[in-house]
Amino acid sequence: MNKTSSVMIIDDEPIVCKRLRSTLEKANLEIETFTDPNEAVKRFSEKLFNVLITDLKMKEMDGIDVLKLVKKVSPETKVIIITGVATVEKAKEALKLGAYDFIAKPFKLSQLRNLVMKGIGLSE
Amino acid sequence: MINPLKIFWGRNKNEDELSLQFLFRTFRELLIYNNKALDLMADMGEKLSGDYLFDKQYIESIINQLEDVVYKIIYDLNLITPKKHLHLFDVFEKAKIDIRGELNSQFTLPKGEYVYSISDLTKEMTDLAGEKMATLGELANRLDLNVSKGFIISTYSFKQFIEYNRLEELVAPLCEGKFNQEVMEKKAKELKIKIMQAKIPPEIRKSIHKKLSSCKNKSSNRWAVRSSAVGEDSQISYAGQYITVLNVPSSQIESAYKEVVASLFSPQVITYRNEMGIKQQEMAMAVGCLPMLSPVVSGVIYTADPNGLEGEEVIISACWGLGKIVVDGEMEVDQYKVSKTSPYTVLWQHIGRKTKQYALAKDSGIKLVPVPDQKQRISCLDESRMHELIEGAIRIEQYMKSFQDIEWSIDKNGHIVYLQARSLQLSEKNELDKNRLVTAAKNYPVILKDKGVVASRGIGAGTVFQVRTEEDTQYFPRGAVLVLKHTSPRMSKIVPLASAVVTDIGAVTGHMATICREFRVPTIVDTSHATQILKTGMEVTVDAEENIVYQGIIKELLTAQLIEKIPYEETYEFKLLRRLLKKVSTLHLTDPQSNEFDPAHCRTFHDIIRFAHEMAVRKIAQGIQPRQLSFIHSLTKLKLNIPLNLTVIDTGGGIKKGISSNEISLKELSCEPLLILLKALTAPGVWQYQPVNLDFKGFMSSFTSNRSSQSLPDRININLAIISKEYINLNLGLGYHFNMVDGNMSDDRNNNYIYFRFFGGVTEISRRTRRVKVLARILEKNDFSVELKGELIIARIKKIDRPQMEDKFRLIGRLIGYTRQLDVQLRNENDIDLFANQFLNGEESILVKPEDR
């Protein structure tokens, strides 16, 4: 495997961050997680990530806003949107704004990992 | 939902027919809702496999759906059996309030008993028993380890105790962290004094004293009174902050209880909670009362070296007498670093000079006493105890899925007693090794990959043991990998012994999968051919995180899963889902024959739907009343090459469009289950035309049986099929016996089922009974679950896919033909197997015993 790829995870539900971290770490990826999207965006201005996984609906900041900000700084970052069943339509809109893909909760951990690996270009 | 008015007004048909159609449509609808409810509960169970990511929104949404469907089931049942079961709505509301309470509160102390025996505790009861004691119960119940078996005074008692003494006003502000340090310390001290002066409510005292006298504590009647707070030992460690009172005589148990309760509000604990930011959580203390041991040796075992990183060693500390010296670390003790792999080589040891030990004081409490000279410099653990201790600790670790810190003692008889187990706190840098550990798996051959589904997440390794028969289960060795053809409730008893489970066939949502999750045994089901690859004796590692089975035992992978700080099972969402699932899916109404099978005994959603389903099926199974058939002459008849005289009522899509004739042929039928069944029944050789070889006894009986001749006029007419495209309800009176087939067949296996009922006959009772026994043999061999009662047989099968369903409907068709006149041939018990085997071998058209041919 080449240089380790980096993944940023943003979700205001700690369990999502925790479980995604543990799953993706096993795939030899460098992970940073944030429950506060503001902090995440700040961190993104310091360090670019290959993949960004963000929840769509968060209290502090909308996932779409995160997507827009990140795409401005780093157009090549693959952004994966996590959505609830109720907000699938909005997630589809995100695709038009340059999101790489979206995935609806609840999902299998392996599905998301495959998506990330595909995004990085290391399909499993 | 069906609107009865629409059905009655919207069409212009005979009223009796309409009510019959309405009955069956509502019944089918109820069945669909029933399956939907079971699916929803199964879905919740599936999420507990650990393979999914879900959040609280998911839990809320699935509960909403479940409430909706259960309500509809009750509604439909009251349409089928008009207003007979209105009481179920009350039961529903009550169950709903209970579930909502759980869902909406961040954390509430559940209502429960005042006291519990340790042997009744499981991890799910953490809220009632506190972390420490619930874990102890788990060690005893699920891992079969030897623990000190006393009882606990629950958090429910704690809550009552606080309220009874009106201490809430003092407790609440402290919990919320409202004061500065100085004021807080003052308030905490005041509260402690109040608690020590407080009275234990009479009914709790009564329960405690009852336990004190009934618990087996003959030796001394002395107790170890231990803290077991909610939240202690789990995510945040309160290690050592709560009090344990040792060697308490029964007469002083109340004051020891109060002392332990008061330690929940000590200034140190409050400061610690404030620093950790857990103010909002309710504080609660359960208290364990365990028979006081007077151990020979005590100590602590860590299942990993907290400073090393490989996780391949255990660290043991031991001292003479009680374990306080080890826990306090004040004096020299024995220390060992031992390899975690058999034969458990000691890698390093230090035998300390142990001049003193703790022993029980005469009246109460403990005291330091000198250790005899000859024991001061010798190891206090012998090799066999050490090995036993390590094996026990590894089992706890595998089960808890994290490195463990375990307190233990050895009693006078040399038995190891486990006192406490909790997650071992490791340094941060341990996380970094996970990659290396996981990568090690690449060096091992993969023997199964992405076959089947993960039913319980985790990693387990061991030697394969294939279990084929129930007898094999007796020989199943602890720690082996259980490999099975089917998941089966009968195999569930050996699940706790297994390090992992792999099956050819089975569902994530089945009973056995639930047991696997309960015992946290990594499980992969539905692999289709595991039994052909995983042979008894092979060493394998089952990675039920990645859905891979490797050849060989990969220690690195086993270690990798222990690195998780909080196993997923311990997260808030998992605990909530698990609690809710238990609330909705626990089944109290298991026996439909019991007197308690009524709405008054329904407590959960599962009870409600079980009851509603049974009542609905009973209503349908009563069959068609002759008065409901007064209009039968106007209905559609089916032309067949056998004299079945079958009338068809279509409730939707069962007959091809544009057919209006009163007589149709098979070609015009679009109800697939009926089509398949009738094709099998009318195939050459299945329907018997020749007169059967009736012997004298059987012949006479057909004329002397009152019952049969009386019921003759009713039975002949009732050959009726109520159908839709996927549904069939077939009532056949053939001569003197009665077949009923109710079933559904679709592409969604969850909606598929067959209910088959067979009753009666013309011959003597023993022959009729033999006939249903033949049926039972054949149906059981074909995976039906079968109930036999005299000359009645009820067989059911459900949730199998379409091709299998087609086979089963073909089978039922053949069986109806085969057994039509079979009773006369069954002259003795030996004939049962003979004819069952003849059918199973596909030789049913030769309907005679070999010697009669």
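Beyond its neighbours within four places in sequence, Val225(B) contacts Thr244(B), Val245(B), Val248(B), Ile253(B), Ala256(B), Tyr257(B), Val260(B), Val287(B) and Cys289(B), a contact being a pair of C-beta atoms, placed from the backbone, within 7 Å. The model is predicted: local features need pLDDT of at least 70 and side-chain atom pairs count only at pLDDT 80 or more, whereas totals for chains, interfaces and linings use all residues. Residues are numbered from 1 along each chain as its sequence is written, while chains are lettered from A and ligands numbered from 1 in the order in which they are written.

Val225(B) and Val481(B) touch the most other members of the largest nonpolar core, which holds 136 residues. Such a core is a set of buried Ala, Val, Leu, Ile, Met, Phe, Trp, Tyr and Cys residues joined through C-beta atoms within 7 Å. Buried denotes 20 or more other C-beta atoms within 10 Å of the residue's own, with C-beta atoms placed from the backbone.

Helix 5 of chain B covers residues 126-141, helices being DSSP runs of H or I, at least four residues, numbered from the N terminus. Of its 16 residues, 15 are buried, so helix 5 of chain B is largely enclosed by the rest of the structure.

Confidence is given by pLDDT, the predictor's per-residue score from 0 to 100. Chain B averages 83, and 86% of the residues reach at least 70. The model has ipTM 0.85 and pTM 0.66.

| Stretch of chain B | pLDDT | Contacts beyond near neighbours in sequence |
|---|---|---|
| Residues 1-12 | under 50 | 12 contacts, beyond four places |
| Residues 849-853 | below 50 | 4 contacts |

Definitions and conventions: A residue is buried if 20 or more other C-beta atoms lie within 10 Å of its own, exposed if 12 or fewer, and partly exposed in between; C-beta atoms are placed from the backbone. Two residues are in contact if their C-beta atoms, placed from the backbone, lie within 7 Å. Helices (H or I, at least four residues) and strands (E, at least two) are DSSP runs, numbered from the N terminus. The expected span of a helix is 1.5 Å times one less than its number of residues.
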